[in-house]
Amino acid sequence: MVLALLWARRGVPVTVLESASNFDRAFRGDTLHPATLELMDTLGLTGRLLALQHTRATCARFITPQRTQVVADFAGLRGRYRYLAVMAQVRFLSFIQEELAPYPHARVIFGARVEGLLEEAGAVVGVRYRHAGGVSELRAALTVGADGRRSRVRAASGLPLLRLSPGQDVLWFALPRRETDAGGSIDLYLGGPHCLVTTDHGERWQVGYSIEKGSYARHRERGVEPIRRALCETIPWLADRAPLLSEWRQLHLLSVEVARVRRWYRPGLLLIGDAAHPVSPIGGLGINLAIQDAVACANRLTAPLLRGQVPLRALARVQRDRAWQVALLQAQQVVEEREVVTVHGGSTLHLPMRGLRLLHRIPGLRRLPAYLTAYGVRPTRLAPGWEDT
Ligand SMILES: Cc1cc2nc3c(=O)[nH]c(=O)nc-3n(C[C@H](O)[C@H](O)[C@H](O)COP(=O)(O)OP(=O)(O)OC[C@H]3O[C@@H](n4cnc5c(N)ncnc54)[C@H](O)[C@@H]3O)c2cc1C
């Protein structure tokens, strides 16, 4: 959607095919990082965006029974936005959709499930998609697969996925938030057999409960009681609301994996976001990475698209701009995931805790985790000139 907006503003005809009937999802990534807020600034949109309901996380913390350690202190960043805006993704995407509405050459079609690629002489020339009225074809100078971690476009493209970490699974659920609850941080509770994560969404807490990869059926058999018990033991201040988690259908499974395609493109086709590189929810990096991929596409591909032809080398440049940054952040996630798996094995998180404490004692390095979460290794910004569009 962000890429569609960037291209629409530059006069590139663009069609977004969305398989769902709207953007509303029970659980999805909801963090807008400083890099994204600065992008919105460049587009003159931050004022209106931040007028929408959201909360602000000024730090991320690791909490064990022994201690609380700030991992990333966003308040200490030097930029204009010293927090992560936590905004329901449906609100953000609907806002972008409204911004797209004035451009007659931009369309968003809901209920349009891409099923396959149209190919001619080895090049992708569009997609075949299913909708309520049957099956249609859409031809395009460039097809961008931005269809998430289980990308159908990726599967149809034959670009193989390289798995970097077996990952874990996360069960998400919501509990009401009280006015008196402390907020303003994203907290990962460690040290017990399951990690729990809490994000403040204003009127509710979004809670994640990590389980071993592939253990969903086993947990389902046991029902919600063990999860309620873990919640009460690990986050005692939420215990009064634990009874509200009463049915299995309140839980939503996120299958986490860290993976990437070696090559993001083929003639006529480019993969971005989770389709090119599924990431772990650790650090809440997925949306930021996907949006910066979109920025790289806007920088590199707008002119070729306006000329009507996208050479392979332009697609390669998008990957060159972005892949190394994604690779570095994924490497960090793989290490963090290993630690989480160790926690599942029963041990505690001494090593990262010690490492973090050390990092926070070195003035030059203290800001590093916050900076990496906020911007990535080096943020991909819009090329000069976009302010005028
Ligand atoms: C529960 C949960 C919590 C998360 N928490 C965070 C967080 O706090 N911060 C963060 O940055 N990231 C988080 N993530 C990850 C983040 O949501 C993703 O990394 C990010 O949304 C990737 O963006 P994307 O546009 O590549 O893919 P997606 O956001 O997955 O969007 C893909 C879209 O394509 C559509 N689609 C799929 N298949 C087809 C098809 N065949 N045809 C047409 N349309 C199709 C889908 O309906 C979807 O709307 C979380 C993810 C989940 C599930």
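Residues are numbered from 1 along each chain as its sequence is written, and side-chain values use heavy atoms, with hydrogens and water left out. Because the model is predicted, local features need pLDDT of at least 70 and side-chain atom pairs count only at pLDDT 80 or more, while totals for chains, interfaces and linings use all residues.

**Stop 1: two helices**

Select residues 2–9, helix α1, and residues 89–100, helix α4. Helices (H or I, at least four residues) and strands (E, at least two) are DSSP runs, numbered from the N terminus. The axes of α1 and α4 come within 10 Å and cross at roughly 15 degrees; axes are lines fitted to C-alpha atoms, for helices over the stretch in contact, and angles run from 0 to 180 degrees between N-to-C directions.

Now show the side chains. Val2, Ala4, Leu5, Ala8 and Arg9 in α1 meet Phe92, Ile96, Glu99 and Leu100 in α4, where contact means heavy atoms within 4.5 Å. By class, this contact has seven nonpolar, no polar and two charged residues (Ala, Val, Leu, Ile, Met, Phe, Trp, Tyr, Cys and Pro count as nonpolar, Asp, Glu, Lys and Arg as charged, and the others, Gly among them, as polar).

**Stop 2**

Next select β2 (31–32) and β3 (55–57), then β6 (residues 84–86). These strands form an open sheet in the order β2-β6-β3, with antiparallel pairing; two strands pair if DSSP finds at least two bridges between them. β2 and β3 stand at the edges with a single partner strand each, so one side of each has no neighbour in the sheet. Between β3 and β6 there are three bridges, and alanine 57 stands opposite leucine 84 in β6.

**Stop 3: alanine 121**

Move to the loop between β8 (113–120) and β9 (123–131), where alanine 121 lies. Its phi is near 50 degrees, a positive value in a residue other than glycine. Most residues other than glycine have a negative phi. Alanine 121 is exposed, with a relative accessible area of 90% (buried means under 20%, exposed over 50%, partly exposed in between; 1.4 Å probe, protein chains only).

**Stop 4: threonine 198**

Finally, select threonine 198 in strand β15 (residues 196–200). Threonine 198 is buried, at 0% relative accessible area. Leaving aside neighbours within four places in sequence, its contacts include Ser185, Asp187, Trp205 and Leu238. The C-alpha atom of glycine 208, 10 residues apart along the chain, is separated from that of threonine 198 by 6.5 Å.
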